[in-house]
Amino acid sequence: MEMESIRDTYSLGLKPQPKSVTATAEWRRLKVHARHIAKMHLRDVLGVASRCEALSAEFEGSFLDYSRMQVTQRTMDLLYALARRQRLREKIAAMCRGDKVNVTEGRAVLHTALRSAPDDAPIVVDGVNVVEDVHEVLRKVKAFSEAVRSGEQRGATGRLLRNIVAVGIGGSYLGPEFVHEAFSTEQQHAVDQDLNDFYRLRFLSNVDPVDVRRTLYDLDPQETIVIVISKTFTTAETMLNARTARQWLWDAMGKDPSVVARHMAACASSSAAARVQNFGIPPEHLFEFWDWVGGRYSVCSSVGALPLSLKYGYGMFDRFLAGARAVDIHFQHAPLDRNLPVLMGLLGVWNMSFMGYKTRTILPYAEALLKLPAHIQQLAMESNGKRVTVTGEVVDYDIGPVDFGEPGTNGQHSFFQLLHMGQVCPAEFIGFIESQHHLHVEGEVVASHDELMANFFAQPDALALGNTREQLVAEGCPPELIPHRTFAGNRPSLSLLMPKVNAYYLGQILALYEHRTAVEGFMWNINSFDQWGVELGKKLASDVRSRMHKFRSGKGTLSGGLNPSTHGLLKRYVIRDRD
Ligand code: F6P
């Protein structure tokens with residue numbers, strides 16, 4: 001795409017933006033303000049009741065408390081002013097109506113359309129109403145999953161298809177796996193618990209042979225359906241794993257076209273349809289999604305719908321979509337200061353670009369959200385780990401924090417030492433009022449969920465308030481230990497307290513984080529929807545792969561163009577073959 005065209009698309013027909021956002025008065029005001037905030041200690045302000053009321057927002061019972069962020073109402077007002085300057089609302093609207101905001105790939109970004117209702121107003125991309133397309137594929141997923149679960153659709157040898165192996169990587173894996181982990185403990189709400197226990201869903205993502213072995217070793221191919229999930233249907237690791245799984249099916253049932261036709265399906269972009277067919281998967285087993293769905297934003301498309309509906313029934317997935325849709329509507333219409341994903345995004349910008357915190361941790365106090373941090377890691381870091389603005393200027397401000405996380409309380413016994421005493425790392429605590437499972441052991445004073453949540457409430461205060469020298473002296477701490485046991489505090493966090501872990505609220509969490517990511521990108525003037533940074537590694541791996549191949553088949557040498565370090569390492573590796 002020509003630069004002028006990118007500029008036109010991104011300026012949304014409005015006044016051109018200044019060269020760098022840092023040149024705006026709004027940015028400069030925030031920079032000055034950050035110097036004042038650096039002198040504020042959360043210990044001195046957290047006791048003010050009005051602060052908590054002002055620095056919180058609620059949507060459908062999900063309560064966001066950001067009073068432990070290093071902000072004041074003035075900070076928020078300045079951030080809203082920057083959001084207006086950055087035309088945040090217009091960019092959100094442009095994204096949701098299908099403008100091609102992914103300017104470097106010339107694509108719309110419409111994961112919100114994946115959660116639209118069938119009778120929603122048309123969203124037209126290149127002359128096509130994508131709402132209709134979305135519902136056509138969802139109907140196909142529903143029909144197929146019901147046919148498999150009812151036994152109407154069986155394997156090539158007539159057996160029920162009870163094992164679902166989802167082959168995919170990156171965005172074609174992390175989202176579905178996060179949702180699967182959370183759904184798997186929410187079975188009391190599932191359509192039919194016995195059926196759900198009967199079906200097994202596994203993910204094969206890594207090309208490591210060990211991953212292949214541990215995914216397939218105890219499965220009966222005759223009872224297995226393999227879903228190849230790949231937007232491009234070209235990703236090297238996925239395609240090798242797909243061929244491996246196909247061979248595994250052939251080895252068990254013979255190399256008959258009906259084996260692939262009955263035991264394999266694909267979730268791929270419509271533009272990859274020919275590749276899917278060449279692989280042997282018939283068109284009726286292609287569950288398409290579209291170029292306007294980014295890989296890391298794809299869990300609401302067939303990418304998540306097919307494996308999760310096969311395992312849990314379509315109804316569960318539908319409730320997940322409904323939760324995401326509710327947040328989509330909130331995101332598009334709630335005022336900035338009541339808008340949960342906008343607030344989370346603005347706070348992300350504040351922490352990174354103004355307070356200089358280069359890391360961020362997500363801490364779900366719910367084992368069901370075990371895989372949420374890994375999903376957010378890809379979502380946020382592939383989206384906002386960028387070098388240049390949408391119009392190609394090198395960014396001269398801090399963007400894109402390093403995201404990591406772990407469920408609580410496990411994380412407390414792992415990396416929390418650093419959160420409390422090492423470098424400052426803003427934390428996001430996610431907790432639930434109601435657990436998926438009620439457990440109260442006779443004779444125990446507290447139920448397990450209360451114990452979990454006691455930590456959810458205590459940790460943010462420990463981070464914010466710390467523990468002073470005076471407190472330690474009063475507690476009788478030996479003088480030589482006082483420096484070691486002093487907590488400086490003033491460590492920012494936000495708390496998101498939600499009603500319960502179920503499919504609906506999981507959909508909300510997903511959409512909250514997707515939109516938080518987009519808000520940050522819009523504020524930073526970057527394109528959160530491309531991922532050119534992953535290309536170079538793929539290209540170099542392809543070169544190494546072909547060298548290994550040539551060397552092993554006696555048709556070439558390893559060296560020639562490789563630096564001595566890579567050559568030396570590679571030589572050590574291939575020499576293994578000669579032993
Ligand atoms: O390499 C990164 C990436 O392109 C991700 O953006 C994407 O989600 C993943 O690889 C898988 O791609 P595909 O779905 O095309 O196999």
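Two strands count as paired if DSSP finds at least two bridges between them. The legends below apply this criterion to a predicted model.

**View 1. An open sheet built from six strands.** The strands of this open sheet follow the order β1-β2-β13-β12-β10-β11, and their pairing is mixed. Its edges are formed by β1, residues 56–59, and β11, residues 402–405, each of which pairs on one side only. From one strand to the next, the twist averages 15°.

**View 2. The pairing of β10 with β11.** Strand β10 spans residues 359–364 and pairs with β11 in the parallel sense, over four bridges. Within this pairing, T359 has V402 of β11 as its bridge partner. Strand β11 is also one of the two edge strands of the sheet, the other being β1.

**View 3. The residue shell around the ligand.** There are 14 residues around the ligand, and those that come nearest are G170, G171, S230, T235 and G295. By class, the shell comprises nine polar, three charged and two nonpolar residues.

**View 4. The loop position of A121.** Residue A121 lies in the loop that runs between helix α6 (88–97) and strand β3 (124–125). A121 counts as exposed because it has 10 C-beta neighbours inside 10 Å, and the cut-off for an exposed residue is 12 or fewer. Between A121 and E146, the separation is 25 residues in sequence and 28 Å in space, taken from C-alpha to C-alpha.

Key
Residues are numbered from 1 along each chain as its sequence is written. This is a predicted model: local features need pLDDT of at least 70, side-chain atom pairs count only at pLDDT 80 or more; totals for chains, interfaces and linings use all residues. Axes are lines fitted to C-alpha atoms, for helices over the stretch in contact, and angles run from 0 to 180 degrees between N-to-C directions. A residue is near a molecule or strand if its C-beta atom, placed from the backbone, lies within 6 Å of it. Ala, Val, Leu, Ile, Met, Phe, Trp, Tyr, Cys and Pro count as nonpolar, Asp, Glu, Lys and Arg as charged, and the others, Gly among them, as polar. A residue is buried if 20 or more other C-beta atoms lie within 10 Å of its own, exposed if 12 or fewer, and partly exposed in between; C-beta atoms are placed from the backbone.
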